[in-house]
Amino acid sequence: MNGSSKFYRTKIPVVRMVVVMKNLFTIRAFHKSLISLSSSTRHFFCSSSSSASTFAIKNVTKSNFESALNDLRLYVKDADFVAVDLEMTGVTSAPWRESFELDRFDIQYLKVKDSAEKFAAVQFGVCPFRWEPHRQSFVAHPHNFYLFPRQEIKGDDTSYEFLCQTTSIDFLAKYQFDFNLCIREGVSYLSRSQEKEALGRLNARYKDRLLDSSSCWREGVDTKLVRVADILFSERLKNKIAEWHDGLLGDRNGASQTWKTSNDSKQQLKTIFFKMRPALDLTGFTSHQLRLIQLKELKDCLCKEAEMKIKAAIGFRHVIDLLSSEKKLIVGHNSFLDIAHIYRKFIGPLPSTAKEYVISIQKFFPYIVDTKVLLNASTVCQKISKKSSTSLSKAFALLCPQIASGVKTSGLADKRLVKVEVQVDNKRSLNWNSGAKHEAGYDAFMTGCVFAQACSHLGVDFTLNPSSVDLSHHEKLQEYINLLYLSWINGDIIDLKTGERKADSICSKGFKAHHSKILFSNTVLLWAFPAKLKASEIRECFCKVFGSSSITFIYHVDKTAVFIQFSKQELVSDFLVLKETLERSNDPISVLHPLSKVLQGGRTRAASYEVYKQICSSTISKVFFADQAEAVGIEWNAKLSKPVLEVERQVDFEASENQLYTDTRNETEIVSGIDPPLYMHSPTDELDSLCPAEAQMSK
């Protein structure tokens, strides 16, 4: 997936449509508007200097998953690095959950967390790259997995559902995504936590039914283990049978063995052979005891059968387990959201804080590199790209022209180009190029090619290595490994080794020098104010009370909420105390107070920046922020909590791709169930042109 467009393209509406796996027909309303294209007709082209050939990318569904997984195990084991990419059903569940310039580091993570929890990953691209010294080129094996989270375990009451964002669905359809294939043949999966919960439920049912088989596993099995003696007898026989089984494994001569079950000499278990297989001959047991033994064996057999079904439902998670166990370098492009989806879908629930998350993700994927960070933080790569867009498709065309164009290039620049051959099954080609942008498998391939070429420009000489290259520990790459863009809007980079925001010297590379300082402790959140109020009118009301220079800027979250940054931290508490005082009073002075225009008789809400974090951490997602705040139900007028450690952040409001962000969010679209159309953030006609800081914020 194109890293930049992945973040910016889906900025407007979210359809409040829940796709429930038990009723697949609920999404058939999409059918007429979706483009269905059989994977068998999707051809990808490759060419070399002498001839051109055609063969398809490796599309993987549940019908060929097992064979593809077996091949992938070999490719990943031998790989020098593995590139990945995901396609999702959406990015933001509400307009106010988009990434804002005023989002603090911890809140940026909460918004990514919300996205990974609410939307589905419908396509997963995996592309192992292996360096072949004798051919002086990389060999890539692109795989395009279709995913669909369906209910595979009988008795599992989990509701499998996800949101679809209309712009994301339209985007996928534009690039010929096969929705029918995804829903019918997509590979399902269980996360590690889901597997653990399923096994836990199975064991609990198994133990309960040993005590009372009235709710038995199969009809006709109605023997009740109600007596303590029966329970003890069953457990004792279970241990004896286990000892007998272990004895068979230890005694390869097949000698006859006989045991007594207790002091009762009449009860014996003797090894015999039945149809050429070892068996037990039971003597001296009553008919009731024999029924207990049969019931025990039946339930053990059914339990093992249920365990096998749970293991079979793991599905695509086998691929994630493979990548994790091999500890290969994972390469992505603008991949923080991708990695969050991987964690949520295949490992377990996302931790509540960024620090907890990165500590956990490092256990599974200790080496991750983001090509977007690499291209922006590296001075060498910046010179080559001439600080142009670092979107995946543009970076691919610039750094890998011979692959992007499908023809051999010439000239001095050709000496630094890294060759990449593509192999799919028994077909292989140099300079293979499908041109199928925004398909996860091909985007993973483009990401790997960009990374290989960037490594070459950074001084990694693949030709000097007689075998594979240990890129995870290469000195030229250590500065960039485990650094991901938490938010491209403001250039914040998270260090996966520490969970902290990376130093400004790294974050600021690739961004212009103009900055405006944000002080979160000086910021107040205001919502549910009169809809007709403009930012300039709100500023005027506050300046009449606190002074003409009291307000640094006003920033719209959406049409129902704004951030107001005061010039002094104490003005935040002064305003909140004054607001509460005015709302308790009913005298003429309160009615005529300058703030009464904003407060509208106590209906307007206000809180410190910390409350914004509490609202963002909620799993609820209302369309408008004011409705979200009401749904969360925090006591807004409560006393302020103790000040938290203030982090001052330099934020670039004129970053190199921010124009794309503002352009896409100025599009309007009326969606069924969302009326009126969604409000666009910080329109210039609502800003006070006499306030430079506020006007700058609107950009």
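This is a predicted model: local features need pLDDT of at least 70, side-chain atom pairs count only at pLDDT 80 or more; totals for chains, interfaces and linings use all residues.
1. On to the rings in general. A search over the whole structure turns up 38 aromatic pairs. One of them is F129 with F445: the ring centres are 6.4 Å apart and the planes meet at 10°, so this pair counts as stacked. The two partners come from distant parts of the chain, with F129 in strand 5 (residues 121-132) and F445 in helix 16 (residues 440-457), 316 residues apart. Both F129 and F445 are buried.

2. Back to F177, which has a ring partner of its own. Y146 and F177 make a tilted aromatic pair, 5.6 Å from centre to centre and with 50° between the planes. This pair also links distant parts of the chain: Y146 belongs to strand 7 (residues 143-146), while F177 is in the loop between helix 4 (166-174) and helix 5 (179-185), 31 residues away. Y146 has 0% relative accessibility, so, under the 20% cut-off, Y146 is buried.

3. Which residues make up the aromatic cluster that includes F129 and F445? Besides those two, the cluster takes in F81, W131, F138, F396, Y442, F451 and F462. If you want to display it, W131 is a handy label to look for.

4. There is also a charge over a ring. R104 places its charged end over the ring of F520, 5.8 Å from the ring centre.

5. Now helix 10 (residues 336-346). Why call it largely enclosed by the rest of the structure? Because 10 of its 11 residues are buried.

6. Last stop, T523, which sits in strand 19 (residues 523-527). With 1% relative accessibility, T523 counts as buried. A polar atom of the T523 side chain lies 3.0 Å from the backbone oxygen of L519. Setting aside neighbours within four places in sequence, T523 is in contact with F563, I564, Q565, V572, S608 and Y609.

Notes: Residues are numbered from 1 along each chain as its sequence is written. Side-chain values use heavy atoms; hydrogens and water are left out. Rings of Phe, Tyr and Trp (its six-membered ring) pair if their centres lie within 6.5 Å; planes under 30 degrees apart count as stacked, over 60 as edge-to-face and the rest as tilted. Helices (H or I, at least four residues) and strands (E, at least two) are DSSP runs, numbered from the N terminus. Buried means under 20% relative accessible area, exposed over 50%, partly exposed in between (1.4 Å probe, protein chains only). A charge sits over a ring if NZ of Lys or CZ of Arg is within 6 Å of the ring centre and within 35 degrees of the ring normal. A polar contact is a pair of N or O atoms within 3.5 Å; within protein, one must be able to donate a hydrogen and the other to accept it, and residues adjacent in sequence count only if both atoms are side-chain atoms. Contact means heavy atoms within 4.5 Å.
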